[in-house]
Each structure stands twice: as C-alpha cells, then as structure tokens.
Amino acid sequence: MADGGEGRFDRHFELAATVLLAMAAVATAWASYQSARWHGEQARAQSGSIAARVESTRAANVANRQGQIDVALFTQWVDAYARDETELADFYSKRFRPEFKPAFGAWVATRPRKNPNAPLSPFAMPQYKLAATAAADRLEVKAAASSQRAGEFIQRADDYSLAVVLFASSLFFAGISTRLHSSTPRMVVLGLGYALFVGSVTWIATFPVSLSV
C-alpha cells in the first residue's frame with residue numbers, strides 16, 4: 001500500500017511539475033514578446049521625438065529670420081519717418097510682412113511720439129505673433145510628450161524583461177524539483193516555483209499589453 005501511495009504521489013507530483021514547466025515556458029515566451037514589443041514602441045516614440053525637435057528647430061529658425069526682416073524694415077521705416085520722408089516711409093510700410101502689420105497698426109494707434117506710456121516698438125505689442133514661433137512651440141511640446149512616452153515604454157520593456165527572469169526562475173525550480181528524491185524537498189522547491197510563477201503572473205497582469213495586428 002505504501003508503494004502504491006508513493007506511486008500516486010510521484011504521478012501527481014510529476015503532473016504538477018509538468019504543468020508548471022508548461023505554463024512557465026508559455027509565460028516566459030509571452031513576457032519576452034512583450035518586452036520586444038515595448039522596445040519597438042520606445043524606438044518609434046524616440047524617433048517621433050527627434051523628428052518633432054528637428055521640425056521645431058526648423059520652425060524656430062524661420063521665425064528668427066522673419067523677425068530679423070521685420071526689425072530691419074521697421075528700422076528703415078523709423079529712419080524715414082524721423083526725417084519726414086513720407087514717400088520713403090510709405091515705401092517701407094507697404095513691404096511689411098502680413099504678420100507684422102497688425103502689430104504695427106496697433107502700435108501707431110498708441111501715438112508713440114506723443115504718448116509716453118506707449119510701448120517702445122510694435123514688437124512689444126500683443127498683436128505681434130509669428131505663426132512659425134507658435135509652430136516651433138507646438139512641435140517642442142510634441143517632442144517632449146514623445147520623449148516622455150519613450151521613457152514610459154522603456155520602463156515597460158524593462159518590467160517585462162524582469163518578468164522573463166522570474167518565469168525562468170520558476171522554470172528552474174520546476175525542473176530541479178524533479179531531480180530531488182526526498183518528497184519534502186521536492187514539494188518545497190516545486191511550491192517555490194509555483195509561488196514565484198503565480199506572483200509573477202499577478203504582477204504582469206497589471207502591465208499594459210502591446211500587440212501587432
């Protein structure tokens with residue numbers, strides 16, 4: 001009878017160890033896949049961040065050149081206006097960029113020659129807005145957001161990589177338990193394997209999942 005009971009124990013133990021080996025193998029493959037997927041997501045987010053920053057720099061350079069043009073034409077207009085060269089002042093004012101004209105008109109309306117409280121130049125007016133500057137700021141925000149997402153994705157990939165190690169450890173415990181001869185150590189080692197497996201599964205169940213369709 002004792003031999004029969006021990007035989008049943010061995011069969012049940014082998015079944016339990018086999019089940020753990022199979023589940024841990026599948027979980028290891030899944031965690032490895034997810035780690036690779038999130039590394040890919042991180043690379044795409046980082047590429048998007050770099051591209052947005054390049055475009056932001058380009059837009060900022062355009063805004064800088066446009067500002068230089070506005071300053072140069074306005075300076076020429078001021079010189080002509082100060083010399084009462086009306087025709088020349090009109091010549092320059094007609095060549096102001098469309099984005100500069102609203103600010104210039106609003107500044108002139110403050111009567112800067114007679115009003116000591118008037119802004120020093122049209123560039124201090126709230127109407128002076130450059131679309132290229134707004135685009136540069138918007139792209140910089142986009143780049144920062146993409147960079148933040150890249151950091152989140154790499155953390156997710158690292159978490160899944162750690163899960164791979166944990167599942168591999170449970171595989172090790174399941175495998176080594178079948179090599180032991182005494183029932184108590186076998187049960188303890190297999191129990192550790194199951195505890196590690198269940199804890200790891202519970203942990204990664206809280207992770208976001210990335211799938212390729």
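A charge sits over a ring if NZ of Lys or CZ of Arg is within 6 Å of the ring centre and within 35 degrees of the ring normal. With that criterion in mind, open this predicted model and select Arg156 and Trp38: the charged end of Arg156 sits over the Trp38 ring, 4.7 Å from its centre. Next, select Arg186 together with Phe13; here Arg186 lies over the face of the Phe13 ring, at 4.2 Å from the ring centre.

Turn now to the contacts between rings. Across the whole structure, a search finds 22 aromatic pairs. One of them joins Phe96 and Phe104, an edge-to-face arrangement with 4.8 Å centre to centre and 65 degrees between the planes. Both Phe96 and Phe104 are buried.

Another pair to display is Tyr160 with Phe207, also edge-to-face, at 5.0 Å centre to centre and 85 degrees between the planes. This pair links distant parts of the chain, 47 residues apart: Tyr160 belongs to helix H4 (residues 131–177), and Phe207 to the segment after helix H5 (183–204). Both Tyr160 and Phe207 are buried.

To view a cluster linked by ring pairs, select Phe74, Trp77, Tyr81, Phe96, Phe100, Phe104, Trp107, Phe123 and Tyr128.

Definitions and conventions: Residues numbered from 1 in each chain as written. Predicted model: local features only at pLDDT ≥ 70, side-chain atom pairs only at ≥ 80, totals over all residues. Heavy atoms only, no water. Phe/Tyr/Trp six-rings, centres within 6.5 Å; stacked < 30°, edge-to-face > 60°. Buried < 20%, exposed > 50% of the residue type's maximum accessible area, 1.4 Å probe, protein only. Helix = DSSP H or I, 4+ residues; strand = E, 2+ residues; numbered from the N terminus.
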